[in-house]
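The model comes first, then the details.

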Amino acid sequence: MSNFEAKNILELLVDIDKINDPNRRAQELAELVPDLTTPNLLSEALKIAAGINNSATCAFVLSKLCPQLNAEQLLEALRIANNIRRPKSRVSAMAKLNSRLFSDLRCEPLKTVRLLISSKSYHACGEILGLISATQNLSFKLLTEAWSIVCDIDNTELNDSELKERCIHAIAEIDREILEKFPNSNRSEAAASLRAIRHEEIDREFCSIPRARAKVLAMLYCYLEGENQSQVLEKLLETIEEVPARPCKARTLINLAPYFPETVARRIATMAFFLLKDIVEDIYSPLQKSNDDWQYYGLRFSYATYREIESQLDILPTTVLLSETLSLLVIAEEILFGSSWQPNMIEGLPPELKSLIFHKGESSQKPRYLNAGFFPGDSEHLIPTDSPLSLDGGAYRLGVDVGEFWGIGKADQPIPDKVLNTFFEQQEILDLQVVANSLDIAIENKIQPLELAEVGNSKRLFFNLTLSKTKRQAIDIDLIFHGHLLQSRRVEVYVVAESREIPPESAFPLQNSSITFTRTVAISPEDLKALKENPRRLTIVAERSIDRNTIGLRFYDTTGNDLGFQESQLSEVNLSSALNAVRKQLLTTMTAYAGGVGGSEKILTKHLGQLAALGRKFYLALLPGLANPDQRVDYGQRLQVDLQPGTVIQVAPLSSQLGVPWEILYERKIEAYKEDRIKLCSTFKEHGLGQDDCPHCNDPTVVCPSGFWGYRYIVEQLPRRVDSGKPLPSHSLPTQIRNKTPLQFSANVFSGFNQLANHFKALAELASEQQLQILRSDSLDAIRITLKEAKADILYFYTHGGSDPFGSPYLEVGTEDQIQLIDLDAWGIKLGDRQPLVILNACDSADYTPDSFENLLKFFCDAGAAGVIGTQCEVKEHLANAFIIKFFQAFLKQAPAGEAMFAARQALLRDHLDPRGLVYSLCASAEVRLAQPVLV
């Protein structure tokens, strides 16, 4: 190759290195490999490969480069392969590189072996070491170094029994080489290390589970009394007997003894000593026959010392007996397993071991949970969950992780590991955020990143706490994924003034924890992928004070960053009054347009002005901090997050409220409506939807539609609030309606509507019967059959609605039938298999207040629906027809439900000067859409 050609290829390599997409970078580099004919070019290519973070892509590049690498470059390729994080990709790369090891790397065989071991490529180790001893005249030093290399193999990675045997066989082969070539060498340490490897295998295979269970049983013993204590102790001793390795069994007893009262501790210490006795008697005679070993260990491991302890067994204090037994056990382990032996016995009682109680033989991957517990400021020992915190107790921390259950509360809803596996095929780590907030307790570093690997527990995060008052207090912990709230857990704790204070009976349980919001029930891989592809720019999470008298809102952006906290002026009680006032004004507006769709600018000005004034009051009550004179009012600017028109705002339900009309919130300053003062923005059809786009944005006498949340943003309210004492939702909140062709459209109707025929004509004209199959039901029995069969993709209710004397809502269907909640409950409606989108295009169908504890909205969500579109007040026939047809014109083309609702609302306003699209609310994921389009 000429210098000119090499220079051109080098420039191409530089360009390739600048490509951000690792897959494209790898593909272009692979295509260039045939032209990399000089060592310098290949070295540059290896540098590019080393900079590729994606495991599979890096392995692909190395496999393409492998045939052309020289010996030095092949060693560099081995080093790069060693840094590949994903095991499958690392093994794939090593397998390709292994094919060249024997012929090209004999010059540095031990370096090659070390690289193989560090990259977990064990299959070639024994063969290569055998090749070394067969083809080279090795010194004793070099051969023992090779032997020590094999002993460095990390057996924790060896899940394949055949692979384990090969590694142990490699050790034995090198050991045999040493004996044959150097028969006069001192082999005691080598033999001991070989035993250590085998003991390690036994320990990891058979000892870890019973050992961990024994430690947890010891902890339980401390919290029980009487007969329960005795039963736990016997179970503990039975568990220790399951440990087959005597050194491990003895260490387990020694480490557990301090957790027990004197009489029990003495019994356990004595058992440990007699186990030591058996070990000593087994090794004492062979030890005497080895002169070198006896000279080294004899002075330390005196048989007389052991006999002396045995003779004084009845009078030695328990602490002394344990100490002496442990000292002799350490020496015995060194004789058996070598000076580098490190026992696996873990000190203390890590709380994550609790999940191992009585679960012998379970799979290694156990369910993982969002866990939390309290810790002292300077310790990682969990504060018992039946203990209060105290103002004089020093610093405290809240510990949080995702892993096997431990800590406060109970194992309720695990994270969806089976679903996450699809992510781990592409990446080694899932990046989440954990946020801790409290109305009662000051918290430092509220937001912390959490890296979740495919298996095992995440690193435990710690949040520093400052207590300032007594009695029951609460902390809310949110798990965030790309701006989406996945799960929220509330932790409650009782705080006393002094640690010696005894809490009152009403304070129990002193620590408690429960899930208050979850999207992790049966979530599908497709749904999780959709969440990642559609991050939330703003997520609003409701938080209640412990006495339920204050509602606070906290805000997160896409990365989980805390954008602020607002302590609203609303409580559970006056929130109901505020909602009633808003809905009353919406009903007034609805009635003003009763004769059809649309009206004049004068009517629009009046009703937008009235809605804006009430929406502004509601806005200030929910978000008072945003309205202070010294702060900018614009929500996006105030929270320093870029909220463009059409941005999806995610809302976790306010307390027990599901149908809050967020669309009515009005951000701009506006005067109370007076007919002669309030004017309509003259350019609202022309200017953009951003607040600064309006030329009258600072004029409080001008009402502009862009000031309403419903005309600027898409608001999704997620019906996944979990109330205290209620069961967790049993279905996912999907992002896809699993329809096929034709789409099954179940229309359940009230026969007395004047516009019923026109409405069905408009629905039928949306698509052909081959694309859209409409099944009309207008009697109680027909609707019961439809709901029981649960074959609908869209469950549409075009009905009257209302509430009975008990405040329970109903739907009026047919000519005079009513569907009540007790009917739906009696029918056993289950929608979880098909998960249809439910549309309640009805009067009062989403009229839900704290007093109406049973409602249609909650019923359908709990029954497994994908979500519900409902109305905040009575709707008129002409509006119901116009809005839902405009919605379906977009939704049937596979537009997301949130986007389709936003478009329908805008179309009514701009084309007809009708603001009543604000009465529709979405209680579902904004991304929910059809799997198969009906319209193209």
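## A charged pair

Which residue forms a salt bridge with Glu671? The partner is Arg677, with the closest N and O atoms 2.8 Å apart. A salt bridge here puts a side-chain nitrogen of Lys or Arg within 4 Å of a carboxyl oxygen of Asp or Glu. Glu671 is partly exposed at 25% relative accessibility, and Arg677 is partly exposed at 38%. (Buried is under 20% relative accessible area, exposed over 50%, partly exposed in between; 1.4 Å probe, protein chains only.)

## Basis

This is a predicted model: local features need pLDDT of at least 70, side-chain atom pairs count only at pLDDT 80 or more, and totals for chains, interfaces and linings use all residues. Residues are numbered from 1 along each chain as its sequence is written, and side-chain values use heavy atoms, without hydrogens or water.

## Salt bridges

The count comes to 15 salt bridges. One of them joins Arg536 and Glu716 at 2.8 Å, N to O. Arg536 sits in the loop between helix H20 (525–533) and strand E11 (538–544), Glu716 in strand E17 (residues 714–717), 180 residues apart. Helices (H or I, at least four residues) and strands (E, at least two) are DSSP runs, numbered from the N terminus. Arg536 is buried at 2%; Glu716 is buried at 0%.

Glu874 pairs with Lys876 at 2.9 Å, N to O. Shared partners join Arg536, Glu716 and Glu927 into one salt-bridge network.

## Gln650

Gln650 lies in strand E14 (residues 648–651). Gln650 counts as buried because its relative accessibility is 1%. Beyond four places in sequence, its contacts (heavy atoms within 4.5 Å) include Arg536 and Glu716.
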